[in-house]
Amino acid sequence: MSRPIRFEHNQYVGDKRNRFVHDLDATTDACAIDDLLASEQFASFGPDSLPEARNRGYRPHGACTGGAPPAAAAATPAPAEPDEA
């Protein structure tokens, strides 16, 4: 995916709706950056760094930053293992 025009000089963009920060150099389809930009609920950081995004209360988006998975994925229970007889 090419970098959005508004963020051609930024690596990190925050989603104000859910307080996740995305790495534009490593986005995946799960990031839905196009939807984020269409909603106009985004933020950039200065300095443009992951620690600065965390300092402002944003959590790393697991699909692109290698952080914890988004809340929806984290809430999904793991499949039960069969009992051994």
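This note sets out, in numbered points, the main features of the structure shown above.

1. Basis of the note. The structure is a predicted model, in which local features need pLDDT of at least 70 and side-chain atom pairs count only at pLDDT 80 or more, while totals for chains, interfaces and linings use all residues. Residues are numbered from 1 along each chain as its sequence is written, and side-chain values use heavy atoms, with hydrogens and water left out.

2. Overall composition. The secondary structure of the protein amounts to four helices and four strands; helices (H or I, at least four residues) and strands (E, at least two) are DSSP runs, numbered from the N terminus. Read from the N terminus, the order of elements is β-β-α-β-α-β-α-α. The protein has 85 residues, of which 31% count as buried. Here buried means under 20% relative accessible area, exposed means over 50%, and partly exposed lies in between (1.4 Å probe, protein chains only).

3. Among the contacts in the protein with a separation of 6 or more, 56% are between residues 24 or more positions apart. A contact means heavy atoms within 4.5 Å.

4. The sheet. The four strands form an open sheet with mixed pairing, in the order β3-β1-β2-β4. Strands β3 (42–43) and β4 (59–60) are at the edges and have a single partner strand each, so one side of each is left without a neighbour in the sheet. Two strands are taken to pair if DSSP finds at least two bridges between them. Strands β1 and β2 are antiparallel and paired over four bridges, with Gly 14 opposite Val 21 in β2. Strand β2 (residues 20–23) runs parallel to β4, and two bridges join them; in this pair, Phe 20 faces Arg 59 of β4.

5. Strand β2 and Phe 20. In a regular strand the side chains alternate between the two faces of the sheet. In β2, Phe 20 and His 22 point one way and Val 21 and Asp 23 the other way, and all are buried. Phe 20 has a relative accessibility of 6% and therefore counts as buried. Its C-alpha lies 9.1 Å from that of Gly 62, although Phe 20 and Gly 62 are 42 residues apart in sequence.

6. Backbone points for checking. Most residues other than glycine have a negative phi, and most peptide bonds are trans. Strands β1 and β2 form a hairpin with four residues between them, and in the turn Arg 19 has a positive phi of about 65°. Arg 19 is partly exposed, at a relative accessible area of 31%. Ala 32 also shows a positive phi, of about 50°, although it is not a glycine; Ala 32 is found in the loop between β2 and α1 (33–39) and, at 30% relative accessibility, is partly exposed. The peptide bond from Gly 46 to Pro 47 is cis, with omega near 5°, and Pro 47 belongs to the loop between β3 and α2 (50–55).

7. Nonpolar cores. A nonpolar core is a set of buried Ala, Val, Leu, Ile, Met, Phe, Trp, Tyr and Cys residues joined through side-chain atoms within 4.5 Å. The largest one has eight residues: Phe 7, Val 13, Leu 24, Cys 31, Ile 33, Leu 36, Phe 42 and Cys 64. A second, separate core holds seven residues, including Tyr 12, Phe 45, Ala 53 and Tyr 58. Leaving aside residues up to four places away in sequence, Phe 7 touches Val 13, Leu 24, Leu 37, Phe 42 and Ser 44.

8. Salt bridges. Side chains of opposite charge can pair when their charged atoms come close. A salt bridge is a side-chain nitrogen of Lys or Arg within 4 Å of a carboxyl oxygen of Asp or Glu, and a search of the whole structure finds two. One links Asp 15 with Arg 17, whose closest N and O atoms are 2.9 Å apart; Asp 15 is buried, at a relative accessible area of 4%, whereas Arg 17 is partly exposed, at 48%. In the other, the side chains of Glu 52 and Arg 56 meet at 2.8 Å, N to O. Glu 52 counts as buried at 16% relative accessibility, and Arg 56 counts as partly exposed at 39%.
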